[in-house]
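Subject: Structure handover

Hi,

Here is the structure I promised to pass on to you. My notes follow below it, so please keep it open while you read.

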Amino acid sequence: MLNQKQDKPLSHEMLRIVTATHHDPFEVLGRHPLLSAASSSADTLVRLYLPGARSASLLIDQQLHGLNRIEGTDFFEWYGLAAKLPKHYQVQWFDRHNVMHTEFDPYCFAPLLGDIDMHLFAEGQHWNIYQHLGAHLRTVDGVEGVLFATWAPNAERISVVGDFNDWDGRQHPMRVRGGSGLWEVFIPGVKPGALYKFEVRNRATGAVFLKSDPYGQAFELRPQTSSIIKAQSEYSWHDDEWLNRRAHWDWQHAPMSIYEVHLGSWRRGWAGEFMNYRELAHQLVDYVKPLGFTHVEILPISEHPLDDSWGYQTTGYYAPTSRFGTPDDFRYFVDYLHQEGIGIILDWVPAHFPKDAHALARFDGSALYEHEDPRLGEHRDWGTLIYNYGRNEVRNFLLANALFWLKEYHIDGLRVDAVASMLHLDYSREHGEWIPNIHGGNENLEAMAFLQQLNEVCHGQHPGTLVIAEESTAWPQVTRPTWVGGLGFSMKWNMGWMHDTLDYISKDPVHRQYHHNQLTFGMMYAFSENFQLPYSHDEVVHGKGSMINKMPGDDWQKFANLRLLYTYLYTYPGSKLLFMGSEFAQWSEWAHGRSLDWHLLDYDRHQGIQTLIKDLNHCYTSMPSLYQRSFRGDGFEWVDCHDSTQSIVSYIRKSDQDFSIVILNFTPVPRTAYRIGVPVAGSYREMLNSDSSFYGGSNMGNDNPLYSQPVPWMNHQQSLEINLPPLGALILKLS
């Protein structure tokens with residue numbers, strides 16, 4: 001072997017390494033055969049670039065072989081025989097502080113991204129792409145390290161920088177894989193827990209910037225923004241029984257009552273600190289399970305830099321936020337709830353992303369994940385950017401992310417945020433601020449196709465999971481199958497019903513008779529979609545007031561109105577959703593920076609609301625008439641919707657076997673001997689009375705049983721004479 005001094009000037013390609021502009025450092029660095037060997041003992045060149053190195057040697061068979069520095073540079077070269085050089089050789093070098101480093105040369109490893117993986121990604125069809133892009137522990141020919149890979153077609157050069165290379169972009173430049181726009185490098189010796197980012201140089205401008213990993217699966221706690229090399233999960237799941245049951249779950253004919261939670265403010269530690277996912281799991285189950293909720297929906301927990309965004313401005317789509325612990329801590333959270341019989345819905349945000357410089361915005365210096373034209377690519381109301389759903393790789397990023405949460409974390413469903421903003425090109429835009437589609441309309445055809453594919457893939461890959469749309473417009477067939485032209489969602493939030501009921505209930509009872517249509521109009525479209533009835537976080541913030549403070553009147557009337565409203569919620573067709581704190585009538589609006597006002601449960605009236613929710617959940621989940629036909633018109637029948645003068649409505653809910661009758665009095669006037677038609681002769685029982693003293697009411701009601709009389713009334717041959725409590729609701733059932 002020979003060490004041959006190199007005196008000739010640097011080649012153009014080597015200069016590109018020095019200036020950190022080379023798209024494929026493997027052309028210059030690593031092992032290269034010599035076309036014309038300098039002697040019979042040298043047929044191979046090894047070239048290294050080690051910025052700041054004082055000296056360097058190859059470590060071959062436990063022996064050091066000095067590397068020659070090219071004078072005036074940080075290039076080091078070695079000439080020798082290929083037969084004596086291991087496939088993956090080690091380098092020993094001393095840095096400027098005279099600290100010794102021994103490591104395998106990253107530039108002696110072949111590419112690891114497979115052709116099929118790159119092809120599927122380019123087609124937008126790689127559902128497990130998160131297992132290939134990002135940073136993943138790999139062992140290559142017995143050498144442990146990390147494969148880094150990212151997508152940035154408009155980059156001139158990308159380097160991996162981190163705490164393992166002094167954040168120096170000259171140390172580990174990546175190679176581009178042909179015209180795919182994918183970049184990769186395998187760096188031996190990098191360990192779990194290491195911090196890293198991508199240093200990206202734009203081809204057109206030469207601008208250089210640091211970016212977090214779009215596919216990163218762990219991140220530093222804000223305000224820090226580095227990605228973290230995640231160790232392989234060692235978590236052992238114990239929810240097989242739940243998953244098997246879910247796969248055959250007939251959700252359209254089953255009860256679903258959701259408790260919506262923001263983990264950062266539901267409950268905190270004694271010093272106001274965030275609780276760990278594991279602590280939250282136990283405390284949440286201990287609270288939610290006795291109340292009878294079937295599911296918990298959590299506001300976005302994918303990594304986000306701004307607490308004030310509540311998680312809706314996501315930067316780390318593939319990482320549970322580190323605010324509450326590690327990825328395995330979150331696995332425990334999901335697993336424990338499943339073992340206790342509680343499902344988990346995750347709020348998911350594919351509609352937009354923030355402009356934070358470290359994240360997706362202009363990732364490679366161009367409009368990569370977003371549109372270049374702000375008329376297509378920007379939500380000015382929210383100060384965020386809109387995904388380019390027409391780009392295969394962007395669509396794949398989002399679709400794989402949805403599947404990631406369902407597969408890797410056993411999530412039971414996704415509540416897709418801001419669907420209306422995705423579907424309408426003119427959403428919150430004035431004339432001239434948006435671009436019509438190819439047909440001249442305002443429909444975002446690319447977003448529509450994306451949502452259809454999202455639902456097809458999620459339901460196909462994970463049977464029994466749900467995809468729920470927060471969609472606030474009259475877009476047709478949101479929850480109808482894609483093969484009939486629908487979007488394919490499982491359910492859609494019934495925003496019209498929610499707004500009408502809250503507007504109606506906020507009025508003084510004396511005026512409600514003039515707004516009776518707000519109670520009855522919803523039935524005109526109630527079965528046009530599979531609706532979920534949401535009293536969500538959006539209704540108790542930004543000056544809208546808490547649920548209890550939306551109610552008119554003195555304190556007694558406020559609580560009575562709220563009990564009445566909740567009974568209406570639980571007896572109206574559709575699945576249910578209630579935001580945390582509303583179940584015990586928290587006075588103040590939700591504040592994301594502190595815990596709920598749990599001390600209010602020391603007061604009887606607040607306990608009464610909580611007890612009512614518990615009993616409503618029990619009625620709802622144990623009475624098939626209240627859930628079995630929630631999405632079918634034959635599950636509902638008006639008894640009387642015309643009594644606007646007295647602000648009373650009554651209706652029948654039906655199942656395959658039985659029925660129940662609901663009567664709601666929206667005035668504070670007690671109604672004695674109020675007659676109501678019933679479909680069947682016999683004795684009836686009060687199953688629930690919202691005015692019961694157990695809930696803080698006046699305890700006006702009826703003695704059980706109630707016997708029907710052969711008095712025709714309200715189109716029925718039988719009728720009952722009942723006492724109807726003030727601002728009260730009754731649920732009756734045939735004995």
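Strands β9 (residues 134-140) and β10 are paired antiparallel through seven bridges; strands here are DSSP E runs of at least two residues, helices are H or I runs of at least four, both numbered from the N terminus, and two strands pair if DSSP finds at least two bridges between them. Across this pairing, histidine 136 sits opposite leucine 147 in β10. The two strands make a hairpin with two residues between them, and aspartate 141 in the turn has a positive phi of about 50°.

Before going on, please note that this is a predicted model, in which local features need pLDDT of at least 70 and side-chain atom pairs count only at pLDDT 80 or more, while totals for chains, interfaces and linings use all residues. Residues are numbered from 1 along each chain as its sequence is written, and side-chain values use heavy atoms, with hydrogens and water left out.

Back to the sheet. β10 also runs antiparallel to strand β13 (residues 182-188), joined by seven bridges, with tryptophan 151 partnered by leucine 182 in β13. The whole is an open sheet of four strands, ordered β9-β10-β13-β12 with antiparallel pairing. β9 and β12 (175-176) are at the edges with a single partner strand each, so one side of each has no neighbour in the sheet. How much of β10 (residues 143-151) is covered? Eight of its nine residues are buried, meaning under 20% relative accessible area, with exposed over 50% and partly exposed in between (1.4 Å probe, protein chains only).

Finally, the charged pairs. The whole structure holds 34 salt bridges, each a side-chain nitrogen of Lys or Arg within 4 Å of a carboxyl oxygen of Asp or Glu. One of them joins glutamate 156 and arginine 201 (2.6 Å, N to O); this pair links distant parts of the chain, strands β11 and β14, 45 residues apart. Arginine 177 and glutamate 184 also meet in a salt bridge (2.6 Å, N to O), and both residues are buried.

Best wishes
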